[in-house]
Amino acid sequence: MRGEPDFLKSLRDEMGAGRQWLDRVVVLVYAVLAGLAVVALTLIADAALALYQGLRSHGWWVPLLWTPAVTALVVWCMRRWAPGAAGSGVPQVLAALAPETPLAQRSRFVSLRLSLAKVLGVSGGLLAGLSVGRQGPSVQVAAGVMLHARHWLSPRSGISDRELLVAGGAAGIAAAFNTPLGGIVFAIEELSRRLTERSSGLMLAAIVIAGLVAVSVFGNLSVFGRVRTDGVSWWGLLGPGLLVALACGLLGGLMSRVLLASFMGVPDRFCAFRRKRPVVFAALCGLAIAVVALVTDGAVVGVGHEHTKQLLENAAQLPTEHQPFLFTGLKFIASWLSAWTGVPGGVFGPSLSIGAGVGADVAWLVNSPHGTALVALGMCAFLAAVTQTPITAMIIVMEMTDGHSMVLSLMASALLASLVSRMVSRPLYSTMSALMMRALRPADEAGPAPASVTGQGAGAHRPGDQQPQQ
């Protein structure tokens, strides 16, 4: 049995460990830099989307030319110079975290260079008018920044690359959603289920610091304001809330399943054409998305936060941009096609928008007086269904809506939706990361990896470009 700690001896050891303190400072400095990188991504991406909205005002036909052209250009650039930056970003970090991934191969998934390419690629996707999010890419961006701290740490620091990746990825979520607690839960639930006792405090501090950087820039405000549930009849909310959770579970599981089917390359003519002509395929998807944007007057474009905020604020009277069931279905299609193009972009933000649409649709269908609460439940349920991380989804939505009074209902909807989703689809991120790692194995062990994952095919001629895309 260990004796009681000697305070004076512990104090002398701490004060005398100069290099250890320097290593801690390095990690915290890089946590600040990771937060600033996500802030830069947010500002640049928002500016790109605003520029697209300005271009739309020049004529209804502009997106029909602009969206396919810019989408094709972004995909061509990513395939040529940074294949590892395409797609969401979370699967890349999971692939880099996998024990079977060789240390020398981690730069194919996460690096400072890929972080820069990710920022430019996501901004390009929003400039094109696609339905992509920036929160998932923030995971890869921040992880690439944090991993670079390895160059300045001493060999005896006790801080592993794995811990830097976990801290960086979680810091990206914390800064992107302006939710430090959500970043911590994401680190535990999705990225890693363990941190060593010696450095767990330092890693958690790094996550919080990155989140506070975003708070200091954008303010300590809930992204969607405060969800007011005064006068909510919980018995009256039970039936519609259950319907929202089940619908989001099925629809979110379907989203995950079609994304996996698309990236794995099922034997159909569309996937075959994508493998053969990926840039042309991206342009055609861009054209389809432009048509959807015209039908919805641009409501499906971008992350979808503005439309979600309007639904939360005016759930009793649906905004004119929200056509019941039509918006939800078209946002689903636009988000799927946007991801299928190969343009860097995540599904976190669009998932919140689709879930909000489901909640508003159910409130309209059953004529519920609790529309705002149902919208919040839909956001939480759909995000939990797509990512299959219910605790993270609940914490993120609770912090983004200041919905602490709804914590139990948010948790119940997230758990139910995630359970239903698991019956429909395999986990999205872990399955995609496994596909990426197939590209690292010898051909006789893993067989040929899907071209949509490895980046092979037209536009990927150089050996250095044979890297995972999604």
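This is a short chat about a predicted model of a protein chain.

Reader: What should I know before reading values off it?
Author: Residues are numbered from 1 along each chain as its sequence is written. The model is predicted, so local features need pLDDT of at least 70 and side-chain atom pairs count only at pLDDT 80 or more, while totals for chains, interfaces and linings use all residues; side-chain values use heavy atoms, without hydrogens and water.

Reader: How many helices and strands does the protein chain have?
Author: 21 helices and 0 strands. Both are DSSP runs numbered from the N terminus, with helices (H or I) of at least four residues and strands (E) of at least two.

Reader: What share of the residues is buried?
Author: 58% of the 470 residues. Buried means under 20% relative accessible area with a 1.4 Å probe, protein chains only.

Reader: Which residues touch the most other members of the largest nonpolar core?
Author: Val-27, Val-110, Met-146, Phe-348, Leu-410 and Leu-428, in a core of 133 residues. Such a core is a set of buried Ala, Val, Leu, Ile, Met, Phe, Trp, Tyr and Cys residues joined through side-chain atoms within 4.5 Å.

Reader: And what does Leu-428 touch?
Author: Leaving out residues up to four places away in sequence, Leu-428 touches Ser-256, Leu-259, Leu-260, Val-347 and Val-386. Contact means heavy atoms within 4.5 Å.

Reader: Different topic. Where is Leu-202, and is it buried or exposed?
Author: Leu-202 sits in helix α9, residues 200-218, and is buried at a relative accessible area of 17%.

Reader: Which residues is Leu-202 in contact with?
Author: Beyond four places in sequence, Arg-24, Val-27, Leu-28 and Ile-159. Val-27 is 175 residues from Leu-202 in sequence, but their C-alpha atoms are 8.0 Å apart.

Terms used:
Buried < 20%, exposed > 50% of the residue type's maximum accessible area, 1.4 Å probe, protein only.
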